[in-house]
Amino acid sequence: MDITSVDSITGVPLAGASVRLVSVLDTTRVHDATLDARGRARVDNLPAGPWVLTARHARLDTLGVGSVAVPFTVRAGRGVTVRAAVPSVNTLVARVCGSAAIPGTGYLFGTVRRAVPTSAPPRAAATVSELPPSAGQVTAQWLDLRIEEGRVERTIVTTDVPVGDNGRYVVCGVPTETTVRLRALGADAASGVATFTSSATAIAPRDLVLGRADAVAATSSGPRAPEDSGVVDIVLRGEGGVRGTVQTDDGRPLANAMVGLGSTGLETRTDSAGRFVLTATPTGTWTLDVRALGYAPQQQSVDLVPGDTVAQVVAMARAEVMDTVRVRANAILRTALGRNLAAFEERQRMGIGRFVGPADLEEMVLFRFTDVLREMPGVRLEMRGRSTDRVITMRGTRGGCVPTVFVDRMRMPGTEALDSFILPDNVAAVEVYQTGFVPAEFQDIFSGCGTIVVWTGPRR
């Protein structure tokens, strides 16, 4: 018999795949083979009868399907050709997600593990152990952007999925080519937020590592905030560490790049050789965020464990000038943003609030949205409990209070998760109003607190 294989998604043969042929009538009768560079193999002298071919390949692992099984029948005196193919995207989504499958979307999957102490020297990968059975959940968030009747509709999708007995999880309904934020939570540990962009098929593996983080008050290393701002710098600390080098895409070291670790509050700059080091970091999976003027921001997930300093190399590409295609694609977004910014500028001229416009934002290096508010008088930023998001409070009629927040005219339910909801690169303008000075369209007469208004969209 002849065996052929192909990845139905990419059209590439499954070279090197391991196949096993098992007789249905006699399961002790087994034949193994390895497919060649063309994804083919030949097996002779198979007895007549029903058989099952099982194929395994690394590509199948990246799709979360493990193996492909194909039944076939051998007839006496006749040859047979069996084709083992990776299922189409729609078939995979239906198989993995079942009733939770949504047309046009994919899924994320992976294993949640626990960080374990190590005394190894700096290296590129962390040692982890399996998560105990049924010990947590994974939260995924992404922005669902739709254009309906000339209007841009934005919805933040948040979904929680359980971690199975084998440490595995699956998140269904993930759109293609969108920014996704993942976080795992265990009984006594948690990961940071891992940020990445889903692929064109939106089917991708993402393993997560649980760790620990302790909130510690710290003195700001940046410009001193105004005395009345009430800013409290809180950083997350732990027993991990990360060091590395930031370089250009042609391998030259990049000095003075800003390197931050997710929402921990830990930041540093690269030296003249492009090197950086962050010590006493939380453990678990976190996002290493690197930014430099003139370069596109880069984000890499890192798995940090107690007693180890993980090594990373980050390559930065020059920021591309927006081309005609992108301008046209953003036309509706820009039209809506233009109207919003016109009203923003009108309120700014009235001088009744504090304003951060597109030009101001271009000069800022933001690791998260709330960095915009660090030096804003009357605003206080804190971390509470096990959250990796800052809580925003303001001075109100009765002391400290939680402000009302609008994002693109949509009222938010609170301030605790704004760093998760709003990507810093998407912020186009921010307005902050103290109580008693809030424009009528953004007022909440029952709150007794101020209001923060956020506009998102392309800045250029």
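The legends below describe several close-up views of one predicted protein model.

In this predicted model, local features need pLDDT of at least 70 and side-chain atom pairs count only at pLDDT 80 or more, whereas totals for chains, interfaces and linings use all residues. Residues are numbered from 1 along each chain as its sequence is written, and side-chain values use heavy atoms, with hydrogens and water left out.

**View 1. The protein chain as a whole.**
The secondary structure of the protein chain comes to six helices and 33 strands, where helices (H or I, at least four residues) and strands (E, at least two) are DSSP runs numbered from the N terminus. Of the 460 residues in the chain, 43% are buried; buried means under 20% relative accessible area, exposed over 50%, and partly exposed in between, with a 1.4 Å probe and protein chains only. Among the contacts in the chain with a separation of 6 or more, 62% are between residues 24 or more positions apart, a contact being heavy atoms within 4.5 Å.

**View 2. The largest nonpolar core and L21.**
The largest nonpolar core has 31 residues, and those with the most contacts inside it are M1, I3, L21, L46, L53, F72 and Y107; such a core is a set of buried Ala, Val, Leu, Ile, Met, Phe, Trp, Tyr and Cys residues joined through side-chain atoms within 4.5 Å. Elements that each supply at least two residues of this core include β2 (18-23), β5 (49-56), α1 (58-63) and β8 (106-115), while β6 gives the most, with four residues. Leaving aside its neighbours within four places in sequence, L21 is in contact with residues including M1, I3, V43, L46, W51, L53 and F72.

**View 3. The disulfide between C97 and C172.**
The sulfur atoms of C97 and C172 are 2.1 Å apart and form a disulfide, the term being used for a pair of cysteine sulfur atoms within 2.5 Å. The torsion about the S-S bond of this pair is about -100 degrees, so the disulfide is left-handed. C97 is in helix α2 and C172 in strand β12 (residues 168-174), and the pair thus links distant parts of the chain, 75 residues apart. C97 counts as buried because its relative accessibility is 10%.

**View 4. The disulfide between C401 and C449.**
C401 and C449 also form a disulfide, with their sulfur atoms 2.0 Å apart, and the torsion about their S-S bond is about 80 degrees, so this disulfide is right-handed. Because C401 lies in strand β29 (residues 399-401) and C449 in the loop between β32 (427-433) and β33 (451-456), the pair ties together parts that are 48 residues apart in sequence. C401 counts as buried at 14% relative accessibility, as does C449 at 5%.

**View 5. D444 and its contacts.**
D444 has its place in the loop between β32 and β33. Not counting residues up to four places away in sequence, D444 touches T404 and R411; D444 and T404 are 40 residues apart in sequence, and their C-alpha atoms are 7.3 Å apart in space.

**View 6. I352 in its loop.**
I352 is found in the loop between α4 (331-350) and β26 (354-356). With a relative accessible area of 32%, I352 is partly exposed.
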